[in-house]
Amino acid sequence: SSSGVAIGHDAGATGGSEAPATPTMGASGTQRPIEWTAPASWKSGPEKPMQAATYLIAPAGGDADGAECAIFLNVGGGGQANLDRWIGQFTQPDGSPSASKARQRKETINGYQVSFVELNGTFNAGGMGMGGPSTPRNGYRLLGAIVESPAGEVFFKLTGPEKTVLAAAKDFQALLKSIK
C-alpha cells in the first residue's frame, strides 16, 4: 500500500509504513498541513538535510541508475528563483542556454497553484550545495513542481536518467494529484 506524508503540525496524523512521518518544518499551527501519497513502486530514501522526504525510483530498462524525487518545504528564495536554479543545474549538449529549453507551466491541482518545469540535458548538481563536487550526468531529465500551500511552498524535484524519469512521470503526476 502507498503511504501518506503530511507536512505541518499534524504530521503524525497520516499512517503508512514506507514513508516516515515528517517533522514540522516551520509551519504555524493555524495552517493546514500538506499531505500526499507516494506511489507504491517508489521506495523511501535516506533522510537528508533540508528534505521533507526522499523517494528512490528503480531504473527503467536500459538505464544504469535510478531516479530520485526530493521534496523540500519553504526553501529560501521563493518559487521562481528555485525553478531558475534547477534549470541552471543543467547544461545543453549544443551549448544553448537551458532556460531556452525548459518547459514551464502553471496549473491548479486540488485548489493549489502549482508551477511545473521539465528539462533534459546534462545534470550538474551535487545536492543543495551540501556535498562535494558533482559529476556531470549526461542524458538526465528534470520534472519539478512547486506547490503553493497555506503551510508554505512545497518543492517536488524528480531527477534521473531520461528513460527512468519518463517512466516515472505518471507516478509523479499521481503524487501531485494526491495533494490535499
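Two strands are taken as paired where DSSP finds at least two bridges between them, and the close-ups below, all drawn from a predicted model, start from that criterion.

**View 1. Strand 5 and its two antiparallel partners.** Strand 5 pairs with strand 10 in the antiparallel sense through six bridges, and within this pairing Cys69 has Leu158 of strand 10 as its bridge partner. Strand 4, residues 53-57, is likewise antiparallel to strand 5 and is joined to it by five bridges, with Thr54 partnered by Ala70 of strand 5. Of the seven residues of strand 5 (residues 67-73), six are buried, so the strand is largely enclosed by the rest of the structure.

**View 2. The buried face of helix 1.** Helix 1 spans residues 79-88, and its buried residues are Gly79, Asn82, Leu83, Trp86 and Ile87. When the helix is seen down its axis, these buried residues fall within an arc of 140°, so they line one face of helix 1. In an α-helix there are 3.6 residues a turn, so residues three or four places apart point the same way. The elements against which the buried residues of helix 1 pack are strand 6 (90-91), helix 2 (98-101), strand 7 (103-109), strand 8 (112-123), strand 9 (137-149) and strand 10 (152-161).

**View 3. Aromatic pairing of Trp42 and Tyr55.** With ring centres required to lie within 6.5 Å, the count of aromatic pairs comes to five. One of them is the tilted pair of Trp42 and Tyr55, for which the centre-to-centre distance is 6.0 Å and the angle between the planes is 45°. This pair links distant parts of the chain, since Trp42 lies in the loop between strand 2 (34-37) and strand 3 (43-44), whereas Tyr55 belongs to strand 4, 13 residues apart. Trp42 and Tyr55 are both buried.

View 4. Phe90 and Phe123 form a tilted aromatic pair, with 5.1 Å from centre to centre and 40° between the planes. Phe90 is in strand 6 and Phe123 in strand 8, 33 residues apart, and the pair thus links distant parts of the chain. The relative accessibility of Phe90 is 3%, so this residue counts as buried, and Phe123 is also buried, with a relative accessible area of 7%. Together with Tyr140, Phe90 and Phe123 form one aromatic cluster.

**View 5. Arg105 over the ring of Phe116.** Arg105 lies over the face of Phe116, at 4.0 Å from the ring centre.

How values were computed
Residues are numbered from 1 along each chain as its sequence is written. This is a predicted model: local features need pLDDT of at least 70, side-chain atom pairs count only at pLDDT 80 or more; totals for chains, interfaces and linings use all residues. Side-chain values use heavy atoms; hydrogens and water are left out. Buried means under 20% relative accessible area, exposed over 50%, partly exposed in between (1.4 Å probe, protein chains only). Helices (H or I, at least four residues) and strands (E, at least two) are DSSP runs, numbered from the N terminus. The arc is that of the directions from the helix axis to the C-beta atoms. Contact means heavy atoms within 4.5 Å. Rings of Phe, Tyr and Trp (its six-membered ring) pair if their centres lie within 6.5 Å; planes under 30 degrees apart count as stacked, over 60 as edge-to-face and the rest as tilted. A charge sits over a ring if NZ of Lys or CZ of Arg is within 6 Å of the ring centre and within 35 degrees of the ring normal.
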